[in-house]
Amino acid sequence: MADFENLQLANDNGVLTITINRAEKLNALNIATIEELREAFQDIYDNNEVKSVILTGAGEKAFVAGADISEISELNEMNGRKFSENGQEVFEMIEKCHKPVLAAVNGFALGGGCELAMACHMRIATPNAKFGQPEVNLGIIPGYGGTQRLTQLIGKGKALELMMTADFIGAEEAKSLGLVNHIAESHEELMTLANSILSKINSKAPLAIGMVIDSVNGYYTGEENGYQTEANSFAACCKSEDFKEGTKAFLEKRAAEFKGE
């Protein structure tokens, strides 16, 4: 994969860790970082050496503390729309990736950082994590899909409250609301847990994992019938070599050896 200015990448046995490396800026998402995420995920889609992805932030203080306010302050109606649509496009690439993407949230996940975490398929956090969409404090609203994904994840009433009050919530409340899957006691334990979850997923049939993601996403797509997506995906699984191997291994009482075919 390419070398990046704002991202650090490390592949450990198929689990690719992407670290947003702007600790001095609390890993704020500037336009350059968004474009590097786009390039990274364009490669991930077709890179057979990558089976799953961890997204995290450098340092102990922040996952991503928001977007770059100096860039946002220069926006107007015309380029504001493009700014929003560009971020939405990259985050949709993450959401629709056929390989599991897990956000390991250490510290602040605010604004664009919360939106980035929500674009991932799962979220785990340290006890000091803080989630929020405080954009109304700047006279704007979430623009990278936050109004949609936060509502999907925690429900309309609570999502509206958080977005209109600009309040932050901690890891425990985020877990109780369904925004976070697990809490780890330290950054080190967070990364260990992230790798453990993805290693378990990586042992399953890759085509089936991707189709689970497709089918769940289908529930939230207005122009798509999620049940039909599920039926189509189920049928596609049934013609795969992984399906033959999985059922044969079960009947033979042995571990399956999936090849993603």
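The radius of gyration used here is taken over C-alpha atoms, and the rule for a globule is 2.2 Å times the number of residues to the power 0.38.

**Figure 1. Overall view of the predicted chain.** This is a predicted model, in which local features need pLDDT of at least 70 and side-chain atom pairs count only at pLDDT 80 or more, while totals for chains, interfaces and linings use all residues. Residues are numbered from 1 along each chain as its sequence is written, and side-chain values use heavy atoms, with hydrogens and water left out. For 261 residues, a compact globule would have a radius of gyration near 18 Å, and the value of 19 Å for the chain agrees with this. Taken along the principal axes, the box filled by the C-alpha atoms is roughly 60 × 40 × 35 Å. Buried residues make up 48% of the 261 residues, where buried means under 20% relative accessible area, exposed means over 50%, and partly exposed lies in between (1.4 Å probe, protein chains only). The chain exposes about 13700 Å², of which carbon and sulfur atoms supply 52%; such areas come from the Shrake-Rupley method with a 1.4 Å probe, and for residues only the protein chains shown count as cover.

Figure 2. The chain has 11 helices and 10 strands, which are DSSP runs numbered from the N terminus (helices: H or I, at least four residues; strands: E, at least two). Contact means heavy atoms within 4.5 Å.

Figure 3. Strands of a sheet pair through backbone hydrogen bonds, either parallel or antiparallel, and two strands count as paired if DSSP finds at least two bridges between them. Strand β1 (residues 7–12) and strand β2 (residues 15–20) run antiparallel and are joined by 6 bridges, with Ala10 standing opposite Thr17 in β2. On the side of strand β3 (residues 52–57), β2 pairs in the parallel sense, over 6 bridges, and here Thr17 stands opposite Ile54.

Figure 4. Asn13 is exposed, with a relative accessible area of 72%. Leu26, found in the loop between β2 and α1 (31–46), has a phi near 55°, a positive value in a residue other than glycine. At 31% relative accessibility, Leu26 counts as partly exposed.

**Figure 5. The surroundings of Asn6.** Asn6 lies in the segment before β1 and, at 8% relative accessibility, counts as buried. Leaving aside residues up to four places away in sequence, Asn6 touches several residues, including Thr19, Ile20, Ala32 and Glu36. The side chain of Asn6 also makes a polar contact with the side chain of Thr33 (3.3 Å), a polar contact being a pair of N or O atoms within 3.5 Å; within protein, one must be able to donate a hydrogen and the other to accept it, and residues adjacent in sequence count only if both atoms are side-chain atoms.
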